[in-house]
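I opened this notebook to look up a few features of one structure and to keep a record of each step. The entries follow the order in which I went through them.

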Amino acid sequence: MTKYLGFIALATVALAACEQNRGVTNPAASATSLQAQRGNQSGNDGDGPRAVYTLTNQVAGNAVAVFNRSADGTITAAGTIATGGTGTGAGLGSEGAVALSDDGRRLFAVNAGSNDVSVFDVGPAGLSLASRTASGGTLPISLTVHGNVLYVLNAGGTDNISGFTVGTTGTLTAIPGSTQLLSGPNVGPAQVSFSPDGRSLVVTEKNTNLVDVYAVDANGAAGARTSFTSAGGTPFGFAFGLHDVLLVSEAAAPGSASSYALGRDGQLRLASGSVLTHQGAPCWAVVTNDGRFGFTGNGSGSVSGFSIAVDGSISLIDPNGASALIAAGVNDIALSNNSRYLYVLQTGGAQAIHAFRIERDGRLTPLGPVGGLPSGTRGLAAF
């Protein structure tokens with residue numbers, strides 16, 4: 001019993017560092033926003049304009065804050081545009097609150113306070129709101145898109161995932177039979193994401209130490225859930241690499257990450273179990289396009305870099321696990337679409353986004369922070 005209580009205490013500390021899902025109010029939505037202005041930045045590293053996005057997540061009215069991304073990875077603030085919904089003003093306890101389509105031409109954002117999802121068209125002149133749709137549950141905290149199918153993770157009430165097709169004009173239509181429950185209520189879900197081929201959905205559950213896998217049929221409907229016990233405590237953020245290798249951050253003290261291979265049969269097979277980061281509360285994870293490197297954002301105020309072998313096993317790039325030191329309150333991380341640059345959202349003390357260049361050996365070179373964000377800002381996506 002003493003050992004069990006000790007584990008619960010450590011898990012509670014980890015979740016505090018990563019932020020639990022908070023209760024929400026239901027204020028009337030009101031928003032006057034500054035249109036995010038951008039020049040034509042399409043460049044040669046993707047279709048969409050080069051930019052970084054985060055959510056202001058304000059109770060009085062949610063908005064997307066836009067940052068122009070230069071070719072050298074540095075960013076500059078470019079204004080905000082209202083989502084039409086409301087935020088919580090506090091932590092979401094998740095990864096993936098804002099996401100981009102593969103071509104960078106659509107942006108999707110959760111409105112956790114008003115229980116809906118906003119879809120934006122992304123163009124050379126900035127963002128334009130295309131639609132706003134109920135999320136299929138309460139407290140949407142994470143979303144993922146593959147082709148014209150979007151899934152939302154709802155963390156309030158009865159935890160679930162719900163699927164939608166994305167129309168040519170950005171409208172969302174619920175997919176019949178797509179709503180699926182998690183392993184139980186109040187499981188503390190953190191993230192939903194498609195596998196690279198779009199045939200599976202993965203969800204992490206912080207409170208149960210489970211990783212859920214759902215098969216997705218040709219119509220985009222998720223099937224029955226298969227749950228796997230996490231190799232480490234408090235599985236949180238995750239990202240896929242090559243050959244369906246899955247890197248999962250584990251927030252429970254002392255802090256670790258594990259890697260798995262997702263088989264065509266929907267089974268998770270462990271590649272590396274609980275590699276210590278030596279940093280507190282690793283909660284968010286990304287993997288570079290070439291599959292060679294992964295990074296965890298640590299709630300304690302650092303980033304840990306990992307080398308990923310062909311067999312999916314992982315090892316720290318820096319022996320002490322501190323590939324970058326920022327400040328207390330790191331909250332999310334994102335890669336540019338070409339995987340040359342890493343962006344880190346700092347929410348402890350100053351609210352800022354830090355930019356880093358990823359070197360050939362996976363080490364990080366700081367490019368500087370940009371601040372000016374309101375308290376409560378959450379979520380991060382980049383192109």
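Entry on strand pairing. I count two strands as paired if DSSP finds at least two bridges between them, and I keep in mind that the model I am reading is predicted. With that criterion I looked up strand β5 (residues 106–111) and strand β6 (residues 116–123), which run antiparallel and are joined by six bridges. Within this pairing I noted that N111 stands opposite D116 in β6.

Entry on the sheet. I then asked which strands form the open sheet and in what order. I found four strands in the order β4-β5-β6-β7, with antiparallel pairing. The edges are taken by β4 (98–100) and β7 (126–134), each of which has a single partner strand, so one side of each is left without a neighbour in the sheet.

Entry on aromatic pairs. Ring centres have to lie within 6.5 Å for a pair, and planes over 60 degrees apart count as edge-to-face. Y151 belongs to strand β9 (residues 149–156) and F194 to strand β13 (residues 189–194), so the pair ties together parts that are 43 residues apart in sequence. Are Y151 and F194 buried or exposed? Both Y151 and F194 are buried.

The other entry under this heading is F236 with W284, an edge-to-face pair with 5.4 Å from centre to centre and 65° between the planes. Since F236 lies in strand β17 (residues 235–240) and W284 in strand β21 (residues 282–287), this pair ties together parts that are 48 residues apart in sequence. F236 has 0% relative accessibility and therefore counts as buried, and W284, at 0% relative accessibility, counts as buried too.

Entry on confidence. I looked up the pLDDT last, and the protein chain has a mean of 90, with 89% of its residues reaching 70 or more. Over residues 1–11 the pLDDT is below 50, and this stretch has three contacts in the model beyond near neighbours in sequence. Residues 22–44 also have a pLDDT below 50, while for this stretch I noted 68 contacts in the model beyond near neighbours in sequence.

Notes
Residues are numbered from 1 along each chain as its sequence is written. This is a predicted model: local features need pLDDT of at least 70, side-chain atom pairs count only at pLDDT 80 or more; totals for chains, interfaces and linings use all residues. Side-chain values use heavy atoms; hydrogens and water are left out. Helices (H or I, at least four residues) and strands (E, at least two) are DSSP runs, numbered from the N terminus. Buried means under 20% relative accessible area, exposed over 50%, partly exposed in between (1.4 Å probe, protein chains only). Rings of Phe, Tyr and Trp (its six-membered ring) pair if their centres lie within 6.5 Å; planes under 30 degrees apart count as stacked, over 60 as edge-to-face and the rest as tilted. pLDDT is the predictor's confidence in each residue, from 0 to 100. Contact means heavy atoms within 4.5 Å.
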